[in-house]
Amino acid sequence: MNKPLSILLAALVLLTATLPAAAAPKGDAPQPYAWESARDGILSYTDLVLCYGGSTHRKPYEWTAGRFAPMVSYTDASGREQWLFDSFLCIEFRMGDYSINLGQHLDSGTRKHWEELLDYWLGDPATGVGALEVAIAAAATRLGPPPTKRKVVMVLPDPIIYEYYDGSKPSTTYWGEVNGRRMDFSNDQDRITVQKWYINEVRRHFDEAGYKYIELAGFYIVSEDLATPGDGWNPELKRWEEVIPSVAEYLHALNHSLAWIPYNRAAGYTRWREMGIDYAYMQPNIFWGRHADYTWERFFSDVKANNLAMELEFDDELLAKNPGCEAYRTRLREYMSGARTNGIYGTQPLAYYQGYMSLYDLWISEDPVDQALFHEFCRFVVNNPLREENRP
(Lines give C-alpha, C1' and ligand atoms only; values in the text may rest on other atoms or scores of the structure.)
Protein backbone atom coordinates (compact mmCIF):
# COMPACT_ATOMS: atom_id res chain seq x y z
CA MET A 1 0.00 0.00 0.00
CA ASN A 2 1.42 3.46 -0.87
CA LYS A 3 2.04 5.89 1.97
CA PRO A 4 -0.58 8.57 1.16
CA LEU A 5 -3.36 5.93 0.93
CA SER A 6 -2.37 4.35 4.23
CA ILE A 7 -2.43 7.76 5.94
CA LEU A 8 -5.92 8.45 4.49
CA LEU A 9 -7.28 5.11 5.72
CA ALA A 10 -5.85 5.67 9.17
CA ALA A 11 -7.51 9.08 9.29
CA LEU A 12 -10.88 7.58 8.30
CA VAL A 13 -10.61 4.93 11.00
CA LEU A 14 -9.82 7.60 13.60
CA LEU A 15 -12.74 9.77 12.43
CA THR A 16 -15.16 6.84 12.55
CA ALA A 17 -14.07 5.94 16.07
CA THR A 18 -14.85 9.46 17.29
CA LEU A 19 -18.36 9.63 15.79
CA PRO A 20 -21.33 8.73 18.05
CA ALA A 21 -22.72 5.27 17.40
CA ALA A 22 -26.06 5.18 15.55
CA ALA A 23 -28.95 4.12 17.77
CA ALA A 24 -30.15 0.61 17.01
CA PRO A 25 -33.82 0.60 15.98
CA LYS A 26 -36.18 -1.00 18.47
CA GLY A 27 -37.86 -4.06 17.06
CA ASP A 28 -41.09 -3.40 18.95
CA ALA A 29 -41.16 0.39 18.56
CA PRO A 30 -44.72 1.60 17.84
CA GLN A 31 -45.42 1.95 14.13
CA PRO A 32 -48.74 3.78 13.82
CA TYR A 33 -51.14 3.36 10.92
CA ALA A 34 -52.24 6.49 9.11
CA TRP A 35 -55.59 6.57 10.95
CA GLU A 36 -53.77 6.43 14.30
CA SER A 37 -51.31 9.17 13.33
CA ALA A 38 -54.21 11.38 12.25
CA ARG A 39 -55.51 11.55 15.83
CA ASP A 40 -54.63 14.43 18.15
CA GLY A 41 -54.34 11.94 21.03
CA ILE A 42 -56.48 9.26 22.60
CA LEU A 43 -60.15 9.27 21.67
CA SER A 44 -62.87 10.36 24.07
CA TYR A 45 -66.05 8.42 24.74
CA THR A 46 -68.71 8.84 27.41
CA ASP A 47 -71.05 5.84 27.60
CA LEU A 48 -69.29 2.46 27.40
CA VAL A 49 -71.48 -0.66 27.36
CA LEU A 50 -69.96 -4.03 28.30
CA CYS A 51 -70.54 -6.82 25.77
CA TYR A 52 -69.37 -10.23 27.03
CA GLY A 53 -68.52 -12.86 24.44
CA GLY A 54 -66.02 -15.47 23.37
CA SER A 55 -66.44 -18.36 25.78
CA THR A 56 -68.58 -21.34 24.78
CA HIS A 57 -70.33 -21.29 28.18
CA ARG A 58 -72.32 -18.23 27.03
CA LYS A 59 -75.74 -18.73 25.45
CA PRO A 60 -76.48 -17.40 22.90
CA TYR A 61 -72.89 -17.68 21.81
CA GLU A 62 -72.54 -15.12 19.03
CA TRP A 63 -73.00 -11.37 18.98
CA THR A 64 -75.12 -10.60 15.93
CA ALA A 65 -76.40 -7.32 14.50
CA GLY A 66 -79.79 -8.09 16.06
CA ARG A 67 -78.29 -8.38 19.53
CA PHE A 68 -76.45 -5.09 19.10
CA ALA A 69 -79.51 -3.23 17.77
CA PRO A 70 -80.98 -2.01 21.11
CA MET A 71 -77.55 -0.78 22.21
CA VAL A 72 -76.84 1.14 19.01
CA SER A 73 -80.00 3.27 18.98
CA TYR A 74 -83.06 3.95 21.12
CA THR A 75 -86.60 4.70 20.00
CA ASP A 76 -88.64 6.49 22.66
CA ALA A 77 -92.35 6.11 23.34
CA SER A 78 -93.18 8.87 20.83
CA GLY A 79 -91.33 7.04 18.05
CA ARG A 80 -88.27 9.30 18.01
CA GLU A 81 -85.06 7.35 17.41
CA GLN A 82 -81.67 8.47 18.78
CA TRP A 83 -78.15 7.07 18.97
CA LEU A 84 -77.59 5.27 22.28
CA PHE A 85 -74.13 4.06 23.44
CA ASP A 86 -71.16 5.76 21.84
CA SER A 87 -68.68 3.04 22.85
CA PHE A 88 -68.65 -0.75 23.12
CA LEU A 89 -66.35 -2.91 25.26
CA CYS A 90 -65.72 -6.36 23.76
CA ILE A 91 -64.94 -8.29 26.93
CA GLU A 92 -64.28 -11.87 28.08
CA PHE A 93 -62.45 -13.45 31.00
CA ARG A 94 -62.29 -17.11 29.98
CA MET A 95 -62.23 -19.25 26.86
CA GLY A 96 -64.12 -22.43 27.59
CA ASP A 97 -62.19 -24.17 30.39
CA TYR A 98 -59.20 -21.82 30.21
CA SER A 99 -58.68 -18.52 31.97
CA ILE A 100 -57.54 -15.29 30.35
CA ASN A 101 -58.09 -13.49 33.65
CA LEU A 102 -56.32 -13.88 36.99
CA GLY A 103 -59.58 -14.14 38.90
CA GLN A 104 -60.48 -17.57 37.50
CA HIS A 105 -59.48 -20.91 39.04
CA LEU A 106 -58.81 -22.51 35.67
CA ASP A 107 -55.73 -23.47 33.67
CA SER A 108 -54.16 -20.38 32.16
CA GLY A 109 -54.97 -19.56 28.55
CA THR A 110 -52.30 -20.03 25.90
CA ARG A 111 -51.66 -18.28 22.59
CA LYS A 112 -54.23 -20.66 21.07
CA HIS A 113 -56.93 -19.29 23.39
CA TRP A 114 -55.94 -15.69 22.75
CA GLU A 115 -56.20 -16.38 19.02
CA GLU A 116 -59.65 -17.93 19.54
CA LEU A 117 -60.74 -14.73 21.27
CA LEU A 118 -59.44 -12.65 18.37
CA ASP A 119 -61.24 -14.88 15.91
CA TYR A 120 -64.49 -14.66 17.90
CA TRP A 121 -64.61 -10.87 17.84
CA LEU A 122 -62.83 -10.15 14.57
CA GLY A 123 -62.88 -13.25 12.39
CA ASP A 124 -66.41 -13.21 10.92
CA PRO A 125 -67.88 -10.01 9.41
CA ALA A 126 -71.39 -11.21 10.31
CA THR A 127 -70.69 -11.53 14.05
CA GLY A 128 -68.72 -9.74 16.75
CA VAL A 129 -67.23 -6.39 15.76
CA GLY A 130 -68.40 -6.90 12.18
CA ALA A 131 -71.98 -7.27 13.41
CA LEU A 132 -71.67 -4.01 15.34
CA GLU A 133 -70.70 -2.28 12.10
CA VAL A 134 -73.75 -3.82 10.39
CA ALA A 135 -76.09 -2.74 13.21
CA ILE A 136 -74.82 0.84 13.09
CA ALA A 137 -75.06 0.91 9.29
CA ALA A 138 -78.70 -0.19 9.56
CA ALA A 139 -79.49 2.57 12.06
CA ALA A 140 -77.67 5.09 9.84
CA THR A 141 -80.17 4.41 7.03
CA ARG A 142 -82.82 5.87 9.36
CA LEU A 143 -80.84 8.45 11.34
CA GLY A 144 -78.04 9.41 9.00
CA PRO A 145 -74.46 8.71 10.07
CA PRO A 146 -73.72 8.98 13.81
CA PRO A 147 -72.16 12.26 14.99
CA THR A 148 -68.88 10.42 15.53
CA LYS A 149 -67.73 6.91 14.75
CA ARG A 150 -68.75 4.53 17.52
CA LYS A 151 -65.74 3.50 19.61
CA VAL A 152 -64.62 -0.10 20.15
CA VAL A 153 -62.54 -1.02 23.20
CA MET A 154 -61.00 -4.50 23.05
CA VAL A 155 -60.31 -6.71 26.03
CA LEU A 156 -56.61 -7.35 26.71
CA PRO A 157 -56.03 -10.83 28.21
CA ASP A 158 -53.81 -11.26 31.25
CA PRO A 159 -50.34 -12.73 30.67
CA ILE A 160 -50.72 -15.03 33.71
CA ILE A 161 -47.31 -15.93 35.10
CA TYR A 162 -48.08 -19.57 35.93
CA GLU A 163 -49.82 -22.23 33.89
CA TYR A 164 -51.91 -23.33 36.87
CA TYR A 165 -53.66 -20.78 39.01
CA ASP A 166 -52.78 -22.45 42.33
CA GLY A 167 -49.10 -22.69 41.39
CA SER A 168 -48.96 -26.45 42.04
CA LYS A 169 -47.11 -26.98 38.74
CA PRO A 170 -45.68 -23.53 38.18
CA SER A 171 -44.65 -23.65 34.53
CA THR A 172 -43.96 -20.17 33.19
CA THR A 173 -43.27 -21.25 29.58
CA TYR A 174 -46.70 -22.68 28.75
CA TRP A 175 -48.12 -19.84 26.62
CA GLY A 176 -46.38 -20.34 23.28
CA GLU A 177 -44.13 -18.39 20.93
CA VAL A 178 -43.85 -14.93 19.43
CA ASN A 179 -41.63 -14.59 16.37
CA GLY A 180 -40.28 -18.10 16.89
CA ARG A 181 -39.19 -17.53 20.49
CA ARG A 182 -40.87 -19.33 23.38
CA MET A 183 -42.28 -16.92 25.92
CA ASP A 184 -41.28 -17.26 29.57
CA PHE A 185 -43.63 -15.36 31.88
CA SER A 186 -41.13 -15.34 34.73
CA ASN A 187 -39.63 -12.54 32.60
CA ASP A 188 -41.73 -9.37 32.65
CA GLN A 189 -40.50 -8.43 29.16
CA ASP A 190 -42.08 -11.56 27.71
CA ARG A 191 -45.38 -10.71 29.38
CA ILE A 192 -45.19 -7.28 27.78
CA THR A 193 -44.24 -8.84 24.43
CA VAL A 194 -47.35 -11.03 24.24
CA GLN A 195 -49.65 -8.14 25.05
CA LYS A 196 -48.02 -6.03 22.34
CA TRP A 197 -48.42 -8.96 19.93
CA TYR A 198 -52.15 -9.16 20.74
CA ILE A 199 -52.57 -5.37 20.45
CA ASN A 200 -50.92 -5.41 17.04
CA GLU A 201 -53.14 -8.25 15.83
CA VAL A 202 -56.23 -6.20 16.73
CA ARG A 203 -54.82 -3.04 15.14
CA ARG A 204 -53.95 -4.90 11.96
CA HIS A 205 -57.51 -6.19 11.68
CA PHE A 206 -59.03 -2.72 12.05
CA ASP A 207 -56.61 -1.34 9.48
CA GLU A 208 -57.49 -4.04 6.96
CA ALA A 209 -61.24 -3.95 7.65
CA GLY A 210 -61.64 -0.23 6.97
CA TYR A 211 -64.89 0.09 8.91
CA LYS A 212 -67.10 3.06 8.07
CA TYR A 213 -68.95 3.48 11.36
CA ILE A 214 -66.66 2.12 14.08
CA GLU A 215 -63.05 2.66 15.12
CA LEU A 216 -60.65 1.08 17.56
CA ALA A 217 -60.30 3.41 20.55
CA GLY A 218 -58.19 1.32 22.91
CA PHE A 219 -57.87 -1.71 25.14
CA TYR A 220 -59.19 -2.91 28.49
CA ILE A 221 -57.37 -4.54 31.40
CA VAL A 222 -59.44 -7.60 32.20
CA SER A 223 -58.21 -8.04 35.80
CA GLU A 224 -60.45 -6.18 38.22
CA ASP A 225 -57.63 -5.54 40.69
CA LEU A 226 -54.05 -4.44 40.11
CA ALA A 227 -52.08 -6.15 42.84
CA THR A 228 -48.60 -4.78 43.43
CA PRO A 229 -46.14 -5.35 46.31
CA GLY A 230 -47.91 -4.45 49.54
CA ASP A 231 -51.28 -3.87 47.89
CA GLY A 232 -53.86 -6.49 46.99
CA TRP A 233 -54.39 -10.21 47.04
CA ASN A 234 -51.56 -12.58 46.03
CA PRO A 235 -49.40 -9.95 44.29
CA GLU A 236 -46.59 -12.46 43.60
CA LEU A 237 -48.89 -14.11 41.03
CA LYS A 238 -49.58 -10.81 39.29
CA ARG A 239 -46.80 -8.19 39.50
CA TRP A 240 -48.73 -5.68 37.42
CA GLU A 241 -46.24 -2.89 38.07
CA GLU A 242 -43.85 -4.79 35.76
CA VAL A 243 -46.24 -4.83 32.82
CA ILE A 244 -49.04 -2.26 32.69
CA PRO A 245 -47.01 0.98 32.59
CA SER A 246 -44.98 -0.28 29.60
CA VAL A 247 -48.11 -1.45 27.76
CA ALA A 248 -49.81 1.89 28.48
CA GLU A 249 -46.81 3.77 27.08
CA TYR A 250 -46.92 1.62 23.93
CA LEU A 251 -50.64 2.31 23.46
CA HIS A 252 -50.28 6.04 24.04
CA ALA A 253 -47.59 6.23 21.37
CA LEU A 254 -50.25 4.87 19.00
CA ASN A 255 -53.00 7.22 20.25
CA HIS A 256 -54.96 4.44 21.96
CA SER A 257 -56.39 4.52 25.46
CA LEU A 258 -56.18 2.00 28.29
CA ALA A 259 -59.32 1.36 30.35
CA TRP A 260 -59.96 -0.51 33.60
CA ILE A 261 -63.02 -1.34 35.75
CA PRO A 262 -61.96 -2.28 39.32
CA TYR A 263 -64.37 -3.74 41.83
CA ASN A 264 -65.18 -1.59 44.84
CA ARG A 265 -61.88 -0.53 46.46
CA ALA A 266 -59.85 -3.07 44.50
CA ALA A 267 -56.07 -2.99 44.70
CA GLY A 268 -54.79 -0.14 42.58
CA TYR A 269 -57.93 2.00 42.68
CA THR A 270 -55.96 4.90 44.19
CA ARG A 271 -52.99 4.43 41.81
CA TRP A 272 -54.60 4.00 38.43
CA ARG A 273 -53.05 7.15 36.99
CA GLU A 274 -49.56 5.97 38.00
CA MET A 275 -50.11 2.84 35.92
CA GLY A 276 -50.85 4.90 32.79
CA ILE A 277 -54.58 4.09 32.73
CA ASP A 278 -56.80 6.65 31.00
CA TYR A 279 -60.31 5.47 31.89
CA ALA A 280 -60.97 3.91 35.32
CA TYR A 281 -64.59 3.15 36.30
CA MET A 282 -65.10 1.80 39.81
CA GLN A 283 -67.86 -0.74 40.48
CA PRO A 284 -70.22 0.06 43.38
CA ASN A 285 -71.14 -3.67 43.72
CA ILE A 286 -74.39 -2.65 45.42
CA PHE A 287 -76.87 -3.98 42.85
CA TRP A 288 -76.67 -7.54 44.23
CA GLY A 289 -77.38 -6.65 47.86
CA ARG A 290 -76.48 -4.52 50.81
CA HIS A 291 -73.09 -5.01 52.42
CA ALA A 292 -71.53 -3.19 55.35
CA ASP A 293 -68.40 -2.40 53.33
CA TYR A 294 -70.30 -1.17 50.27
CA THR A 295 -72.25 2.01 50.91
CA TRP A 296 -73.17 4.82 48.57
CA GLU A 297 -71.64 7.41 50.87
CA ARG A 298 -68.24 5.73 50.89
CA PHE A 299 -68.37 4.86 47.21
CA PHE A 300 -68.93 8.42 46.05
CA SER A 301 -66.35 9.70 48.54
CA ASP A 302 -63.77 7.29 47.06
CA VAL A 303 -64.71 8.12 43.47
CA LYS A 304 -64.37 11.85 44.00
CA ALA A 305 -61.15 11.60 46.03
CA ASN A 306 -59.47 9.54 43.29
CA ASN A 307 -61.04 11.17 40.21
CA LEU A 308 -62.63 7.87 39.18
CA ALA A 309 -65.46 7.30 36.76
CA MET A 310 -68.38 5.01 37.66
CA GLU A 311 -69.83 1.74 36.40
CA LEU A 312 -73.60 1.25 36.52
CA GLU A 313 -74.59 -2.38 37.15
CA PHE A 314 -77.65 -4.53 36.49
CA ASP A 315 -78.58 -7.97 35.22
CA ASP A 316 -81.64 -10.20 34.64
CA GLU A 317 -82.62 -10.10 38.31
CA LEU A 318 -84.55 -6.90 37.59
CA LEU A 319 -86.76 -8.45 34.88
CA ALA A 320 -90.43 -8.49 35.85
CA LYS A 321 -90.63 -12.27 35.42
CA ASN A 322 -88.19 -12.86 38.29
CA PRO A 323 -89.20 -13.01 41.98
CA GLY A 324 -87.90 -10.09 44.00
CA CYS A 325 -87.28 -8.01 40.88
CA GLU A 326 -88.51 -4.79 42.49
CA ALA A 327 -85.55 -4.63 44.89
CA TYR A 328 -83.16 -4.84 41.93
CA ARG A 329 -85.06 -2.18 40.01
CA THR A 330 -84.80 0.08 43.03
CA ARG A 331 -81.05 -0.45 43.16
CA LEU A 332 -80.55 0.39 39.48
CA ARG A 333 -82.49 3.59 40.05
CA GLU A 334 -80.17 4.34 42.99
CA TYR A 335 -77.22 4.08 40.60
CA MET A 336 -78.78 6.62 38.25
CA SER A 337 -79.96 9.03 40.95
CA GLY A 338 -76.67 8.72 42.86
CA ALA A 339 -74.67 9.58 39.75
CA ARG A 340 -76.80 12.67 39.30
CA THR A 341 -76.87 13.94 42.89
CA ASN A 342 -73.16 13.34 43.45
CA GLY A 343 -72.02 15.19 40.37
CA ILE A 344 -70.74 12.18 38.42
CA TYR A 345 -73.41 12.35 35.71
CA GLY A 346 -72.27 14.92 33.20
CA THR A 347 -68.71 15.23 34.52
CA GLN A 348 -67.25 11.71 34.29
CA PRO A 349 -67.59 9.00 31.63
CA LEU A 350 -69.80 6.05 32.55
CA ALA A 351 -69.59 2.30 31.95
CA TYR A 352 -72.59 -0.01 31.96
CA TYR A 353 -72.54 -3.64 33.12
CA GLN A 354 -75.69 -5.36 31.84
CA GLY A 355 -75.11 -8.98 32.80
CA TYR A 356 -74.89 -10.91 29.58
CA MET A 357 -77.65 -9.27 27.53
CA SER A 358 -80.13 -7.82 30.02
CA LEU A 359 -80.72 -4.60 28.12
CA TYR A 360 -81.75 -6.69 25.12
CA ASP A 361 -84.07 -8.70 27.38
CA LEU A 362 -85.68 -5.50 28.67
CA TRP A 363 -86.07 -4.28 25.09
CA ILE A 364 -87.90 -7.38 23.85
CA SER A 365 -90.02 -7.83 26.98
CA GLU A 366 -93.73 -7.19 26.55
CA ASP A 367 -94.21 -6.55 30.26
CA PRO A 368 -95.12 -2.85 30.77
CA VAL A 369 -92.95 -2.68 33.91
CA ASP A 370 -89.92 -3.84 31.91
CA GLN A 371 -90.74 -1.42 29.12
CA ALA A 372 -90.99 1.49 31.54
CA LEU A 373 -87.59 0.71 33.03
CA PHE A 374 -86.07 0.26 29.58
CA HIS A 375 -87.18 3.75 28.56
CA GLU A 376 -86.07 5.28 31.86
CA PHE A 377 -82.61 3.78 31.54
CA CYS A 378 -82.15 4.70 27.88
CA ARG A 379 -83.18 8.29 28.59
CA PHE A 380 -80.45 8.39 31.23
CA VAL A 381 -77.88 7.35 28.60
CA VAL A 382 -78.98 9.55 25.69
CA ASN A 383 -79.35 12.63 27.89
CA ASN A 384 -75.88 12.36 29.45
CA PRO A 385 -74.70 16.00 29.47
CA LEU A 386 -71.10 14.87 28.90
CA ARG A 387 -71.82 13.62 25.40
CA GLU A 388 -70.42 15.83 22.68
CA GLU A 389 -73.28 14.90 20.36
CA ASN A 390 -75.72 16.44 22.86
CA ARG A 391 -74.00 19.81 22.73
CA PRO A 392 -75.46 22.57 20.51
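Select helix 6 and helix 7 (residues 244-253) in this predicted model. Their axes come within 10 Å and cross at roughly 30°. Angles under 35 degrees count as roughly parallel, so helix 6 is roughly parallel to helix 7. The crossing is right-handed.

Now show the side chains where these two helices meet. On helix 6, pick Ile192, Gln195, Lys196, Ile199, Asn200 and Arg203. On helix 7, pick Ser246, Val247, Tyr250 and Leu251. Colour them by class: the contact of helix 6 with helix 7 has five nonpolar, three polar and two charged residues.

Which hand does the crossing of helix 4 and helix 6 have? It is right-handed.

Next, look at the residues between them. Helix 4 brings Arg111, Trp114, Glu115, Leu117, Leu118 and Leu122. Helix 6 answers with Val194, Gln195, Trp197, Tyr198, Glu201, Val202, His205 and Phe206. By class, this contact has nine nonpolar, two polar and three charged residues. Find Gln195 again: this helix 6 residue meets helix 4 and also takes part in the contact with helix 7.

Move to Ile100. Look in the loop between strand 6 (98-99) and strand 7 (107-108). Is Ile100 buried or exposed? Its relative accessibility is 0%, so Ile100 counts as buried. Show what surrounds Ile100. Beyond residues up to four places away in sequence, Ile100 touches Glu92, Phe93, Arg94, Met95, Trp114, Leu117, Pro157, Asp158, Ile160 and Val222. Now select His113. Ile100 and His113 are 13 residues apart in sequence, and their C-alpha atoms are 8.1 Å apart.

Go on to the core. In soluble globular proteins, nonpolar side chains tend to be buried together. Here the largest nonpolar core has 118 residues. Those with the most contacts inside it are Phe68, Phe85, Trp121, Val129, Met154, Tyr198 and Met310. Zoom in on Phe68. Setting aside neighbours within four places in sequence, Phe68 is in contact with Cys51, Trp63, Phe88, Trp121, Gly128, Ala131, Leu132 and Ala135.

Finally, zoom out to the whole protein. Count eleven helices and 15 strands. The C-alpha trace spans about 100 × 50 × 40 Å along its principal axes. Of the 392 residues, 53% count as buried.

How values were computed. Residues are numbered from 1 along each chain as its sequence is written. This is a predicted model: local features need pLDDT of at least 70, side-chain atom pairs count only at pLDDT 80 or more; totals for chains, interfaces and linings use all residues. Side-chain values use heavy atoms; hydrogens and water are left out. A crossing is left-handed if the near helix is turned anticlockwise from the far one by less than a right angle, and right-handed if clockwise. Helices (H or I, at least four residues) and strands (E, at least two) are DSSP runs, numbered from the N terminus. Contact means heavy atoms within 4.5 Å. Ala, Val, Leu, Ile, Met, Phe, Trp, Tyr, Cys and Pro count as nonpolar, Asp, Glu, Lys and Arg as charged, and the others, Gly among them, as polar. Buried means under 20% relative accessible area, exposed over 50%, partly exposed in between (1.4 Å probe, protein chains only). A nonpolar core is a set of buried Ala, Val, Leu, Ile, Met, Phe, Trp, Tyr and Cys residues joined through side-chain atoms within 4.5 Å. Axes are lines fitted to C-alpha atoms, for helices over the stretch in contact, and angles run from 0 to 180 degrees between N-to-C directions. Angles under 35 degrees count as roughly parallel, over 145 as roughly antiparallel, 65 to 115 as roughly perpendicular and the rest as oblique.
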